[in-house]
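This report covers strands, aromatic contacts, cavities and backbone geometry. Please keep the model open while reading.

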Amino acid sequence: YYRQQKVNFCEVGETGKMAELEPLLDGSEMKMKLYETSVQEWEWKVARAKLKLSDFQQSEKEKSEKKAGKVQGFRLEVKCKDLEELDLLLPHLTNDLEMKDDFTTEAGMELAKGDSMIKDAPFNHLTQREFTKKMLSEFGRDPPPPEEGEEKKEEEEAKEEAVEEKEPVFPVSLFFARGFNKIIDFKQLSEVLLKDVDDTRKSDGRCPLVIDPSGRTSKGIKYLQCIVFTMVELITMDPLRLRRALLTHMMHAGCVLIDLDSFDFPIEAIEEQFSKVERGLFQKLADRSALYSYLLPRRFKSLITTDILKDYEISAFMDENLQKFSLGFVTSRPNPDFDFAKQFYTISVKGSGEDEEEEE
């Protein structure tokens, strides 16, 4: 209203009234800014509350499953006793060998929606490209009869060679990945880890942990908007280097990735390295609500010490970029410790590297 009044006075040359209007206009703009700030703070509080509720629900679910004797971990083994049971399972699998829905049998096979089959014995000899639902549908069955022209030739060869008795293929162990937040192909890594195109990682709130037994993630991700430190580097390097890396990638919507390799580091060992930069820093960044409790409210400005102030003006940190910033971890252990990994948003990379090797 005051803005429109100012325009009207300006058009008719009422400079005196314009001067009277200026304090009113300034006051209303200040109230509007205070109102917007208040609304934003309440939105952050609501977002933090929702994420804390997710933590509580996850904890209660784990307690319930543990009490019920359900498997806690990422690698689940189920026994398929015969071909008939395999035929019952197949319709419940997608073409990517992921469970469409919950599935149980009287023999004790129990699978949940989202469980994804892992290429393990007796399929280790197959490449990831060959490990398909079609292959599984042909497993344990007699091969199709030979074509008419080849029948005589095969009969003659069979007479000349002793027929070895086939070992029974059933019962067979099938292995599934359970509990990962996301299972992806290597080519999807940028979309999930950096771009978070569907916002699932952002809505979860936890730092991502990439499980990639091939070890290709930390190499491939270096070509993108990301800096990678090995755990050895993190332990030995100047803390100022980590401080700058965090601030730079917060400013430019990047990713800081810590490569744990195949080592089983306790969470305390990781916390210790971040505490060299600032006490309690890892807990602040790894908190599920970090975006709304630490990044957007600019509480990270304590990282901007006087010696680097000229490189990191607080006004240069845009909300949009802070929301895209990611602190992540990668391990080549196929089955990381469950109690360690559940603190992160777990991304399992399936078949990484195999298809590329075939093409080469």
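The sections below go through selected features, starting with the basis of the values.

## Basis

This is a predicted model, in which local features need pLDDT of at least 70 and side-chain atom pairs count only at pLDDT 80 or more, while totals for chains, interfaces and linings use all residues. Residues are numbered from 1 along each chain as its sequence is written, and side-chain values use heavy atoms, with hydrogens and water left out.

Helices (H or I, at least four residues) and strands (E, at least two) are DSSP runs numbered from the N terminus. Two strands pair if DSSP finds at least two bridges between them. Strand β7 (residues 208-211) pairs with strand β11 (residues 345-350) in the parallel sense, over four bridges. Strand β7 also runs parallel to strand β10 (residues 326-331), joined by three bridges. Val210 stands opposite Ile347 in β11 and opposite Val330 in β10. Leu209 has Phe329 as its bridge partner in β10. Strand β9 (residues 255-261) is parallel to β10 and joined to it by six bridges; there, Val256 has Leu327 as its bridge partner.

In a regular strand the side chains alternate between the two faces of the sheet. On β7, Pro208 and Val210 point one way, Leu209 and Ile211 point the other way, and all are buried. Here buried means under 20% relative accessible area, exposed means over 50%, and partly exposed lies in between (1.4 Å probe, protein chains only). On β10, Ser326, Gly328 and Val330 point one way, and Leu327, Phe329 and Thr331 the other. Strand β10 is mostly covered, with six of its six residues buried.

## Aromatic contacts

Rings of Phe, Tyr and Trp (its six-membered ring) pair if their centres lie within 6.5 Å; planes under 30 degrees apart count as stacked, over 60 as edge-to-face and the rest as tilted. By this rule the count comes to nine aromatic pairs. The ring centres of Phe274 and Phe282 are 5.5 Å apart and the planes are at 55°, so this pair is tilted. Both Phe274 and Phe282 are buried.

A charge sits over a ring if NZ of Lys or CZ of Arg is within 6 Å of the ring centre and within 35 degrees of the ring normal. Arg216 lies over the face of Phe186, at 4.4 Å from the ring centre.

## Cavities

Rolling a probe the size of a water molecule over the atoms shows where empty space is left. On a 1 Å grid over the protein atoms alone, a cavity is a set of points where a 1.4 Å probe fits but cannot get out, and lining residues have an atom within 4 Å of a point. Grid points are joined across faces, edges and corners, and a volume is the space filled by probe spheres set on the points. A search of the whole structure finds two cavities of 30 Å³ or more.

The largest cavity holds about 60 Å³ of space. Its lining includes Leu209, Thr331, Pro336 and Phe340, and it divides into six nonpolar, one polar and three charged residues. In this classing, Ala, Val, Leu, Ile, Met, Phe, Trp, Tyr, Cys and Pro count as nonpolar, Asp, Glu, Lys and Arg as charged, and the others, Gly among them, as polar. The second largest cavity has a volume of about 40 Å³. Among its lining residues are Leu234, Met237, Gln273 and Lys276; by class, the lining has five nonpolar, one polar and two charged residues.

Pro336 is found in the loop between β10 and α15 (338-341), and counts as buried at 9% relative accessibility. Pro336 and Ile211 are 125 residues apart in sequence and 7.9 Å apart in space, C-alpha to C-alpha.

Ser203 is in helix α7 (residues 200-204) and counts as exposed at 52% relative accessibility. Between Ser203 and Leu51 there are 8.0 Å in space, C-alpha to C-alpha, and the two are 152 residues apart in sequence.

## Backbone geometry

Most residues other than glycine have a negative phi, and most peptide bonds are trans. The peptide bond from Ala121 to Pro122 is cis, with omega near 10°, and Pro122 lies in the loop between β4 (116-118) and α4 (133-138). Another cis bond joins Phe170 and Pro171, with omega about 0°.

Leu97, not a glycine, has a positive phi of about 60°; Leu97 is buried, with a relative accessible area of 2%. Asp196 has a positive phi of about 45°, and is buried at a relative accessible area of 7%.

Notes: On a 1 Å grid over the protein atoms alone, a cavity is a set of points where a 1.4 Å probe fits but cannot get out, and a pocket is an open set with protein on both sides within 12 Å along at least five of seven lines; lining residues have an atom within 4 Å of a point.
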